[in-house]
Amino acid sequence: MNFRRPRADEAGINLTPLIDVVFLLLIFFMVSTTFERHADIQLQLPAADREPVASERAWIDILVDATGEYYVEGQELVNRRPETLERALEQAVGARPGDPVLIRADANATHQAVVTALDVVGRLGITAVSIATIGRTPDED
């Protein structure tokens, strides 16, 4: 008779399949990741392919110069704050309700300055807004 107790094997977790799955996920994410290349992108804005169409509509004009200064109806604002632009635009809209807004921005103006102008126009509830570009002929490409 064998009175010795059988030895119990220790329970354990096999980590080999887990490591394989982690490596497969790592390879998947490395292969599927897109890398942004900002230095390779060359932009020249604004330009349009069509010639400007003469319009007889009266526009409320917002001008953004290269330094980010705002002009409403030809009058320079005292600062670049959105609140100042909003007050000046409210006065212009109050004098000419129903007229659409035209934003003309210098090609070297910051994107933030144009977005700020668009944001102010949106806060005032103006839906008729356009952004002016310069016309470009096909031979300039």
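**Salt bridges and a helix crossing**

Arginine 104 comes out as partly exposed, its relative accessible area being 36% (buried is under 20% relative accessible area, exposed is over 50%, and partly exposed falls in between, using a 1.4 Å probe and protein chains only). The model here is a predicted one, in which local features need pLDDT of at least 70 and side-chain atom pairs count only at pLDDT 80 or more, while totals for chains, interfaces and linings use all residues. Residues are numbered from 1 along each chain as its sequence is written, and side-chain values use heavy atoms, with hydrogens and water left out.

Arginine 104 pairs up with aspartate 61 in a salt bridge, at 2.7 Å from N to O (a salt bridge is a side-chain nitrogen of Lys or Arg within 4 Å of a carboxyl oxygen of Asp or Glu). Aspartate 61 sits in strand S1 (residues 60–64) and arginine 104 in strand S4 (residues 101–105), so the pair ties together parts 43 residues apart in sequence. Helices (H or I, at least four residues) and strands (E, at least two) are DSSP runs, numbered from the N terminus. Aspartate 61 itself counts as buried, at 16% relative accessibility.

The whole structure holds seven salt bridges. Another of them joins arginine 96 to glutamate 73, with 3.0 Å between the closest N and O atoms. This pair also links distant parts of the chain: arginine 96 is in the loop between H2 and S4, and glutamate 73 is in the loop between strand S2 (70–72) and strand S3 (75–76), 23 residues apart. Arginine 96 is partly exposed at 25%, and so is glutamate 73 at 33%.

Then there is the pair of helices. The axes of H2 (residues 82–95) and H3 (residues 111–123) come within 10 Å and cross at roughly 50 degrees, which makes H2 oblique to H3. Axes are lines fitted to C-alpha atoms, for helices over the stretch in contact, with angles running from 0 to 180 degrees between N-to-C directions; under 35 degrees counts as roughly parallel, over 145 as roughly antiparallel, 65 to 115 as roughly perpendicular and the rest as oblique. On the H2 side, Pro82, Leu85, Glu86 and Leu89 meet Thr116, Ala117, Val120, Val121 and Arg123 of H3 (contact means heavy atoms within 4.5 Å).

Glutamate 86 belongs to H2 and arginine 123 to H3, 37 residues apart. Glutamate 86 is buried at 18%, whereas arginine 123 is partly exposed at 42%.
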